[in-house]
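Let's take a friendly walk through a protein model, one piece at a time. Have the sequence and the 3D view ready.

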Amino acid sequence: MIRPGEVGTVPTEMRATVLAGVGTESLAVRTVPVPHPGPRQLLARVDAAGICTSVNKLIDQGSKHPLMHGWDPAEHPVIVGDEGVVTIVEVGQELTGEWSAGQRCAVQPAVDIAPVNHLERYDDDGRGVAKVAVGYCLPGLLAEYILIPEEVLEAGCLILLPDDTLPAGHAGIAEPISCIISSHAHHMHLSQPDRTKARTATTGLKPGGVTVVIGVGPMGRIHVDLAIAARPRVIVATARRDERLAWIHETFGERAAAAGVELVTVNTTTQDLAAVVDQVSDGAGADDLIVTAADGALMERVQHLLARYGVLDLFAGLKPGEEIIGIDERFVHYQEINITGSSGGGPWDVIETLRLMAAGEIDAAAHIGHVGDLDHAPELLGMARDGRVQGKAIVYPHRHSKAIRDVPRWSAEDEQQYLADA
């Protein structure tokens, strides 16, 4: 078993999770040739890859997905997967002074740059396209090896790990955690203690305020984790399943208490969320309200839970045809509400996530709930679609395993033993 950071011998063929059309029947793990890097490209081995539920949107929409820009996977199949950590194994001849084999890197999939390759596959030959993405039009991470093309490098989206001892599974979920860091940075709070002086603006969750996280699935629980560091007075976390709420208390209760944060959980099938928010906020409402569930009707209902000057974060993306929702303009107007959203982070957010991981300020082990082989990727994506994933799921493409392993947490020692048993 080749360990992260080791180069080994590069084969001629590899397994990859390929989308060759629209719908789940078009997704399969296939054997394909290992790509060769061009002069300004790299080839990397994928050491661990995360299962992102957003891949299901690509499966459902194909060429109509906003990040495909008309690229038709039925005609030009794509390797999916937008979360992962890699080891460089081959360096293009023009990059030998910049990169070297053996370097370990995380990948930021949101590449804010115009496409360089295969322009004929895009609508209007790529004219006007300003953003492409790994796992969409660019090669994805749910594979044994990945071609790192010019776009990724030029946009600064291949990021060296700050600590080579970081477990691959932890670094492999840096991207989804970075999305939460980006999301919280979009929260803007105005302050004007002296009404005769100018307002000041701060970003992030309001310290000493009330933060509400609607939905504590795989991403919602990361919101709660990072919210504790902002030191709100209260965090209210909601779910429809008691086991998810119990996990929140078991995992974060002690740390929240040590930080002086009251952690409250609400099962929205049996409890009145509005009444709870009213009680913990002394009738003022929530200062930060984050909706992680892709439910437009829910977004409409919860907006009125906000306090004056509050922030509504529509973190989840709605399906095409369901994206238009109602906003109470009078409430926004008179309560001076800010409405925001974010669809992922940037390179800095991944850099910051890796720094926090290396410093031990993020407990990445707590967010991994399932571990498997690359062949399990379609099944894990189906589990994510059905809401059956507890925490993040990761696969080790070079570690063959018969069954998906459900884990309460996934430490560095767990990963070492798992790889040693291969």
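Predicted model: local features only at pLDDT ≥ 70, side-chain atom pairs only at ≥ 80, totals over all residues.

How far apart should the ends of helix H6 be, at 1.5 Å a residue? H6 covers residues 242-258, which makes 17 residues. The expected span counts one less than the number of residues, so at 1.5 Å a residue the helix should span 24 Å.

Now follow H6 along its length. At Phe252 the helix bends by about 55°. Phe252 is also one of the buried residues of H6, as are Arg244, Leu245, Trp247, Ile248, Gly253 and Ala256. What do these buried residues pack against? Their partners are helix H5 (218-229), strand E14 (234-239) and strand E15 (262-267). After H6 comes Gly260, which has a positive phi, near 80°.

Next, look for an open sheet of three strands. Its order is E2-E1-E4, and the pairing is antiparallel. Strand E2 (27-33) and strand E4 (78-79) each have a single partner strand, so they stand at the edges, with one side of each left without a neighbour in the sheet. Strand E1 (residues 13-19) pairs with E2 over seven bridges, and Met14 sits opposite Val32 in E2.

Finally, find Pro397, in the loop between strand E20 (392-395) and strand E21 (405-406). Is Pro397 buried or exposed? Buried means under 20% relative accessible area, and Pro397 counts as buried because its relative accessibility is 0%. Beyond its neighbours within four places in sequence, Pro397 is in contact with several residues, including Arg15, Val46, Ala143 and Asp373.

Technical notes: Residues numbered from 1 in each chain as written. Heavy atoms only, no water. Helix = DSSP H or I, 4+ residues; strand = E, 2+ residues; numbered from the N terminus. Bend = angle between axes of the 7 residues up to and from the residue. Buried < 20%, exposed > 50% of the residue type's maximum accessible area, 1.4 Å probe, protein only. Contact = heavy atoms within 4.5 Å. Pairing = 2+ DSSP bridges.
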